Amino acid sequence: MKVIVNKLNPFNAFYFKTCFLNSFFSIMQKYDISILHVIGDVNAYYSIAENGQLKLNFINDIHFKNLKADLSKLANKGGINVEHNVGIDLHTFIKKEIKRDRPVIAIADCFYLPYRSDTFERKHFFHPILLMGYDNTSYYIIDQINDESLTFGYRVIDSLALEEA
């Protein structure tokens, strides 16, 4: 049986600071919540780089020093409730949330993500992935194909590879 979160699409309007925020923007759009309060929380200015391209410079960057508190603050400002779960089985938690039509952002080691040709079995790199569905053997996620691509798309990963990641 295949279970997929409704109304969840990759956010590709623009890339904003981190892959995590692009996943977070996908969730905000699912719930019809404006992303402007997140963008507005960042003080930045534009300048021209040496190569002539427009460059965005951040003044008070979101550093995520206290990850749980920072993520909860961002989510709550957007009207999204965040739950932190420790000690629960990974697959049980993800499937429970997806059945409730709630996507899950998980931090994975790209070394174990088979669709990531730039890092798979080559380089350990922690990166957020957006879990949006599952079936008997696989999970459906939204992620970029490699570090060079800023375009997020639909991917499939088998259950064992997700557990390793």
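In the predicted model, Lys 2 lies over the face of Tyr 140, at 4.6 Å from the ring centre. A charge counts as sitting over a ring if NZ of Lys or CZ of Arg is within 6 Å of the ring centre and within 35 degrees of the ring normal. A second case is Lys 123, placed over the face of Phe 125 at 5.4 Å from the ring centre.

Because the model is predicted, local features need pLDDT of at least 70 and side-chain atom pairs count only at pLDDT 80 or more, while totals for chains, interfaces and linings use all residues. Residues are numbered from 1 along each chain as its sequence is written, and side-chain values use heavy atoms, with hydrogens and water left out.

The protein chain contains 5 helices and 7 strands; helices (H or I, at least four residues) and strands (E, at least two) are DSSP runs, numbered from the N terminus. Along the sequence the pattern is β-α-α-β-β-α-α-β-β-β-β-α. Of the 165 residues, 44% are buried, where buried means under 20% relative accessible area, exposed over 50%, and partly exposed in between (1.4 Å probe, protein chains only). The chain exposes about 9500 Å², of which carbon and sulfur atoms supply 53%; accessible areas come from the Shrake-Rupley method with a 1.4 Å probe, and for residues only the protein chains shown count as cover.

The structure holds 8 aromatic pairs. Rings of Phe, Tyr and Trp (its six-membered ring) pair if their centres lie within 6.5 Å; planes under 30 degrees apart count as stacked, over 60 as edge-to-face and the rest as tilted. Phe 11 and Phe 14 form an edge-to-face pair, with 5.2 Å between the centres and 85 degrees between the planes. Phe 11 is buried at 3% relative accessible area, whereas Phe 14 is partly exposed at 35%. Tyr 134 and Tyr 139 form a tilted pair, 6.4 Å centre to centre and 50 degrees between the planes, and both residues are buried. Phe 11, Phe 14, Phe 16 and Phe 25 make up one aromatic cluster.

Asn 22 lies in helix 1 and is buried, at 1% relative accessibility. Leaving out residues up to four places away in sequence, Asn 22 touches Phe 11, Phe 14, Tyr 15, Phe 16 and Phe 152; contact means heavy atoms within 4.5 Å.

His 127, in strand 5 (residues 126-134), is also buried, at 1% relative accessibility. A polar contact of 2.6 Å joins the side chains of His 127 and Asp 143. Such a contact is a pair of N or O atoms within 3.5 Å; within protein, one must be able to donate a hydrogen and the other to accept it, and residues adjacent in sequence count only if both atoms are side-chain atoms.

There are 7 salt bridges, each defined as a side-chain nitrogen of Lys or Arg within 4 Å of a carboxyl oxygen of Asp or Glu. Asp 101 pairs with Lys 30, the closest N and O atoms being 2.8 Å apart. This pair links distant parts of the chain, 71 residues apart: Asp 101 is in the loop between helix 4 (90-99) and strand 4 (104-109), and Lys 30 is in helix 1 (residues 19-30). Asp 101 is partly exposed at 21%, while Lys 30 is buried at 6%. Arg 116 forms a salt bridge with Asp 118 at 3.2 Å between the closest N and O atoms.
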